[in-house]
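Please read the points below with the sequence and the model open side by side. They are meant as a colleague's reading notes, and each point stays with one part of the chain.

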Amino acid sequence: MPPRSTSRRGGPRGSPQPSRGASRGRDANRGDIQPGGSPVGLASSAHVKTVGVRRPGYGTAGRQLAIVTNSIVTTIPDTIIRHYDGTVFDGRKNLFASYELDLGASNSRQFDVILVPRTASSERPPKVYKVKITKVNEINPEVLHAYVNGRYSIDEEVLTAIMALNVVVRMDPSEKYPFNVRSFFTDKEIKNIGMGIVLWRGFFQSVRPGIGRMLINVDISTGMMYKPGNLIDLCLDFFEKQNPNLLAPSAGLPDRERLRLQRFLIGLKVTTPHTNSTRPNAPPRVIKKLSSAGANALRFNMNGVMITVADYFRTQANRPLRFPANICVEVGSGALIPLELCHVPAGQIMKKQIPPEKTKDMVEFSTMKPAERFQSISNGLSTVLSYGQSEYVRSFGMSVDTAAGFLPITARKLDPPKLKYGQGSKQPTIQPRDGSWNMIDKKFYKAEDIRTWVVVSYESQRRFSADVAKDMVTGLVNACKTVGMRVRDPDPIIRWENAQGRVAEQLRAAGSAAAEKAKREGFPGGPNLIVVILPDGGNEIYNAVKHFGDITMGVATQCLKSSKCYRAKIQYWANVCLKINPKLGGINTIPDPASVQAITDPKNPTIVMGADVIHPAPGSQERPSFTAVVGNVDSDNAKYIATMRVQTSRQEMIDDLKDMCKEILQKYTGYRAQVEKQSQSAPKRLIFYRDGVSEGQFQQVLDLELPLIKEACAELKMTPKITVIIVGKRHHVRFKTQDPRDSDRSGNCPAGTVVDREIGHPTEFDYFLQSHGGLLGTSRPAHYSVLYDENNFNADSMQALSFALCHVYARSTRSVSIPAPVYYADIVCSRAKIHYDPSGSLDFSDTVTATGSQATATLESFQRDFKPLHANTSRVMYFS
């Protein structure tokens, strides 16, 4: 699509593709910059190209709020940046220097680099690497001055300059501490959380362009480290056991547990100080796998004689093993080394997904209130980061203004939308305060009836007795009546089932029994709700219940943890009703049309969609990615439906977006025509919120996904004006009020805090919105980037729209951190497993791997076995 004229904002801006070579002049669209000098003859900002929509102006709505953000100002280098490519075998690396390297007339030179062994007694000869360094470019830092001031287009030179600054500020800490891309970690504050994992406090830093200046975003981060010490202790900690003999196959170590441990240890570096006394400082070795037998059962050929690993260390190394039956590790060289002879050095980052049972420990360690978080960052700036003491920062002529402290910003607090409840409410229209409200004396806007229902408990009757179950039923029935939901049968059938049994058969039998009871009472028909009581750790039962209800039968299911619903109070049951009513087709609340005209204007019917993609965990290659699109079907943007697909692992762009959008659009027009009796059923506006896309993929959304949305509309003969907004959550921007009296009760900025100055994009339409009230720790604002806009929203209307959509999340009486349709899409993606037969053979673990044709076959298996939603389920908010 060609670039738009500067007079309108309906569509994407083109992105230039500059040469990598050193350049002295610029074309008319980018401005002229003289080396070492100031911008000369710069083009006006109107000629600067953008990837997304050009900023239409700044917002003015709301009251002003003085805050700070966790960024500090840095100057732009005052010297030419030399960019080099350094090639070592097949690896390519970027090198940056503030001075010219002597590479000869060809600007390229090959060197022999010798890595000397750490000890003089080493028997290995020194390794020689051939390193080729080639000059790629000279970058005039003035391009950054022009860029942050909105007078220069984003191009490869700007991106490379920003990358160079990031390399400069990260060099010093990366030489001193364990690091992982943009974060490094210190052992000044640690926590052992068990299962072989130790948490280290660290710091994140990233050089980012702001409006009119360059900034360094600094934040607290948390690193997962392997527990240091003897490898046996680490293994026992992983299994949460104390007896070392349990690591022996002959003592009953199950093979599945050995493989689970193997997945945890692969890639870990260990030292073996006791295996060879002549090399006490030998370099660490990398674990490849674990042996399937103990050291006393593993044999190898030594000079023509078969000998066990245990006997070898006893006779040849004078190291008799304390636990000869225990398994061994196989290291990179292929050598087998007993666990007890391996030592785990400290500070090794665990690049795997945290075990679910340790998530709470991780959250507790990472959670810090704003004042505490900002103080910790401030301490780190002076004691750990110390930019002023970095020889790299100084050599590039950068000056980081840590003395000035965090960047002050004039934010604004938006007014929340008013919300409408149903007839019979004492206060039918309310306005949230600090991001929350309550359901006292309120009826649902559209309350659905529970006609016939049944309760199935997978918790034992000893722990969840008949009296407790009846008390549970009474609590739920009373809560339903309070919010306007009629329960026809206040005394449903209650059944206790074996948690090891066939869930589908058990639920089917329970449903049949409920239907027979209803028939006897003169109300024929099956149940429209099954309430299931789960024991702790009942995840597999949950998946089977949801597969039965959402996929097989099309009946609403509500799972309750026995520990939560036991003698529960009225507030708990009110929250349960918030989930049940949308599953039955009801609507809890709607935004008052008068306060959110941007989405409820009857002359401009609007459909809002949210889309997300979920990928397998790091290290897992066999599982595919799952995509979800969610959209409203009603005129009030409160009732949503969802559709889901399977696609290639780790692919971010949604392949089936056209068909998914068509499905949502058809149900939107059907609902408006058949239920709302609207004569104009097609939408005139389509607002598409996209989650999970990085800045480097914005152009792909415009090139690949936007055309699919347009094709879906065209095939249905619809012509809505389209707006595409990216919602970003994976960032480290945080806010804190300058005056603690302006904070909410959690110490955070109040719900509705919006920032579109200082830290925004120099030219493009973006903003940060903290739409939710704080609970624990420091709230993370969402970052919105408007990529395409045929509706010509200004800053105030776009920000108000996003804020309003954060209030229609049906499952709570609090505003949420991102617009509800995006939140729902994330939930739908996370429930991918329910679309598969619980008794099937597909592996949903996050540790299996596959490559090439095997991965393709696996994707085909997941696509073939994927079961769509039941027709009944597809019309309601089953994900609530």
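1. Asn 528 touches Asp 449, Ile 450, Arg 451, Thr 452, Val 555, Ala 556 and Leu 584, leaving aside residues up to four places away in sequence, where a contact means heavy atoms within 4.5 Å. Asn 528 itself lies in the loop between α10 and β26, the helices (H or I, at least four residues) and strands (E, at least two) being DSSP runs numbered from the N terminus. With a relative accessibility of 10%, Asn 528 counts as buried; buried means under 20% relative accessible area, exposed over 50%, and partly exposed in between, using a 1.4 Å probe and protein chains only. A polar atom of the Asn 528 side chain lies 3.2 Å from the backbone nitrogen of Arg 451. This is judged as a polar contact, that is, a pair of N or O atoms within 3.5 Å of which, within protein, one must be able to donate a hydrogen and the other to accept it, while residues adjacent in sequence count only if both atoms are side-chain atoms.

2. Before going further, note that this is a predicted model, in which local features need pLDDT of at least 70 and side-chain atom pairs count only at pLDDT 80 or more, whereas totals for chains, interfaces and linings use all residues. Residues are numbered from 1 along each chain as its sequence is written, and side-chain values use heavy atoms, with hydrogens and water left out.

3. Which strands make up the open sheet with parallel pairing? The order is β25-β24-β26-β27, and two strands are said to pair if DSSP finds at least two bridges between them. The edge strands are β25 (493-496) and β27, each of which pairs on one side only. Neighbouring strands of this sheet are turned by 20° against each other on average, with direction ignored. Strand β24 (residues 453-457) is joined to β25 by four bridges, and Val 455 has Ile 494 in β25 as its bridge partner. Helix α10 packs on this sheet, where it touches β24, β25 and β26, and its direction makes about 155° with that of β25; axes are lines fitted to C-alpha atoms, for helices over the stretch in contact, and angles run from 0 to 180 degrees between N-to-C directions.

4. Helix α11 lies across β26 and β27 and runs at about 165° to β27. The helix has 15 residues (539-553) and reaches 20 Å from its first C-alpha to its last, close to the 21 Å expected, a span defined as 1.5 Å times one less than the number of residues. At His 547, α11 bends by about 25°, the bend being the angle between axes fitted to the seven residues ending there and the seven starting there. Among the buried residues of α11 are Ile 541, Val 545, Phe 548 and Ile 551, and what covers the buried residues includes α10 (503-520), β26 (529-534), β27 (556-561) and α13 (570-583). Just after the helix, Gly 554 takes a positive phi of about 70°.

5. How many of the nine residues of helix α3 (residues 231-239) are buried? Eight of them are, so described as mostly covered, and they include Leu 231, Cys 235, Asp 237 and Phe 239. At the start of α3, a side-chain oxygen of Asn 230 reaches to within 2.8 Å of the backbone nitrogen of Ile 232. The helix is followed by Glu 240, whose phi is positive, near 55°.

6. A further open sheet has four strands in the order β14-β15-β18-β19, with antiparallel pairing. Because β14 (269-270) and β19 (336-338) stand at the edges with a single partner strand each, one side of each is left without a neighbour in the sheet. Strand β18 (residues 327-331) pairs with β19 over three bridges, and the partner of Glu 330 in β19 is Leu 336.

7. Ser 221 is found in strand β12 (residues 214-226) and is buried, with a relative accessible area of 8%. A polar atom of its side chain lies 3.4 Å from the backbone nitrogen of Phe 203.

8. Strand β33 (residues 721-728) is mostly covered, with seven of its eight residues buried. Seven bridges join strand β32 (residues 685-691) to β33, the two running parallel, and Leu 686 stands opposite Ile 722 in β33.
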